Amino acid sequence: MEATVVRTGTEGKTWGGGNEPLKASYGKMMMWFFILSDALTFSGFLAAYGFSRFKFIDSWPIADEVFNHFPFLHGVDAPMYYVALMTFILIFSSVTMVLAVDAGHHMKKGKVTIYMFLTIIGGAIFVGSQAWEWKNFISGEYGAVTTNGGNILQFVDSDGERVALSDIAVPIAGDRVEHESNTGIWFDAGEDLPTYSLDEIKAGFIQNEGLLIRTQKLTEDGKKTILSREESLMKLNNDANGTVEGANLTHNEYGAPLFADFFFFITGFHGFHVLSGVIINIIIFFNVIIGTYDRRGSYEMVEKVGLYWHFVDLVWVFVFTFFYLV
Amino acid sequence: MAHDTTHSNGSATRRIWIVFAILSVVTIVEVILGIIKPVFLTDTFLLGMRLLNWIFIILTIYKAYYIAWAFMHLEHETKGLRRAIVWTAIFLISYLIFILLTEGGYIYDVYKNGHTAWDF
């Protein structure tokens, strides 16, 4: 980093600058303090997640049921396999990053270039995977019915297997149609119509004797409560007020909307860190190629972005545990 | 940068691969435990939490230790820098977690036992 140090003419004096009291350069130490503060931000989010979860400890969604998709395995229940794969990809990109740093210590430009490139690829795959996870989460799988109390009712058959709204609904003609801008002169805004109306679901539910309702409440052994047929009918007739498919910030077919809020916010914030990490890595990658650090005589810049990259991995280890495992 | 002369290329690279192996094995163990969820681990409670969840958290901290020490080179930094980073984080985060989880548990009790109906 000699190239960027401003000479003050007071070198050698205690307060003259250029001191390294912790034997770390200024840039590296500031990167560490940035990481520390960023770690506190993430712990704030994760602790808030824990707070909300403790608040709804007996009705929180079960992650295994929410995140059970794997590419090209359609309809197969694959809990956590994909997120485990994502974790591996990120850990491996951390390994290539630390190998790049190590090669930098030995001033091997070629090796630094290759390892930086692999790190960037790993990061890009990870961000893409996260986008795919979001897509699955947003579009949902089975759908559910919402209640007046803001809860979710899901449907299962007599074996306890989930049943999708599309398999229940009986089409009813003459229902409300969506109000669109081309049908009204004074069109301002129209409410989106759900794919299936509550009446269609109710009609289908009454027809199919085998269907039962599953509430959000968790039983002693951590499963969702399944109501009897009579309770189910009563619940559906008295409490239900609409249908929901997928999840956004206010509605969530998997359970508490807070779960979706935290999922979007925490994985989104982390994904943004990965994205910015990839961009920073790309910048450094090109600097390595054009020989900036070779001329500078030190690859410490690679080490500094490496710290950031490992931090992103470190955070993911915790997000993985608290969102998918615990 | 203090350590680049003390390590030959071979030993540093070897350490990286060993740490990668450890992280991979721990992740695989976590995923397997998460999928099969052994009954004796989910039915045993320790300090109000299932034993399985404690195992997940401890394994996570174990992984975090290796990432910070080996990958982020904390093991080669001076004690002062290491402590400034690690102890600050551990103190503030434990404090925050304790406060928020206690409060979350309290609100759960209020929802459950209070006189106001929340699900109507």
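Visitor: How many salt bridges are there between domain 1 of chain B and domain 2 of chain B?

Guide: A salt bridge is a side-chain nitrogen of Lys or Arg within 4 Å of a carboxyl oxygen of Asp or Glu. Between domain 1 of chain B and domain 2 of chain B the count is zero. Keep in mind that this is a predicted model, where local features need pLDDT of at least 70 and side-chain atom pairs count only at pLDDT 80 or more, while totals for chains, interfaces and linings use all residues. Residues are numbered from 1 along each chain as its sequence is written, chains are lettered from A and ligands numbered from 1 in the order in which they are written, and side-chain values use heavy atoms, with hydrogens and water left out.

Visitor: What area is buried between domain 1 of chain B and domain 2 of chain B?

Guide: The size of an interface is often given as the accessible area lost when the parts come together. Here buried area is the accessible area (1.4 Å probe) that two parts lose on being put together, summed over both. For domain 1 and domain 2 of chain B this is about 320 Å², with 67% from carbon and sulfur atoms. Of the area that domain 1 of chain B buries against domain 2 of chain B, Trp69(B), Leu74(B) and His76(B) supply 92%, more than any other three residues.

Visitor: What area do chain A and chain B bury between them?

Guide: The two chains bury about 5,100 Å² between them, 76% of it on carbon and sulfur atoms. The contact joins 61 residues of chain A with 57 residues of chain B.

Visitor: How many salt bridges are there between chain A and chain B?

Guide: The count is two salt bridges. In a salt bridge between Lys37(B) and Asp64(A), the closest N and O atoms are 2.9 Å apart.

Visitor: Which elements give two or more residues to the side of chain A that touches chain B?

Guide: Helices (H or I, at least four residues) and strands (E, at least two) are DSSP runs, numbered from the N terminus. The elements are α1 (26-55), α3 (81-105) and α10 of chain A. The largest share, 14 residues, comes from α1(A).

Visitor: Why does the span of α10(A) agree with its number of residues?

Guide: The expected span of a helix is 1.5 Å times one less than its number of residues. For the 26 residues of α10(A) that should be 38 Å, and the end C-alpha atoms are 36 Å apart, which agrees.

Visitor: Why does Val319(A) count as buried?

Guide: Buried means under 20% relative accessible area, exposed over 50%, partly exposed in between (1.4 Å probe, protein chains only). Val319(A) counts as buried because its relative accessibility is 0%. Val319(A) sits in helix α10 (residues 300-325) of chain A, a helix in which 23 of 26 residues are buried. Not counting residues up to four places away in sequence, Val319(A) touches Leu46(A), Ile266(A), Thr267(A) and Tyr324(A).

Note on methods: Contact = heavy atoms within 4.5 Å.
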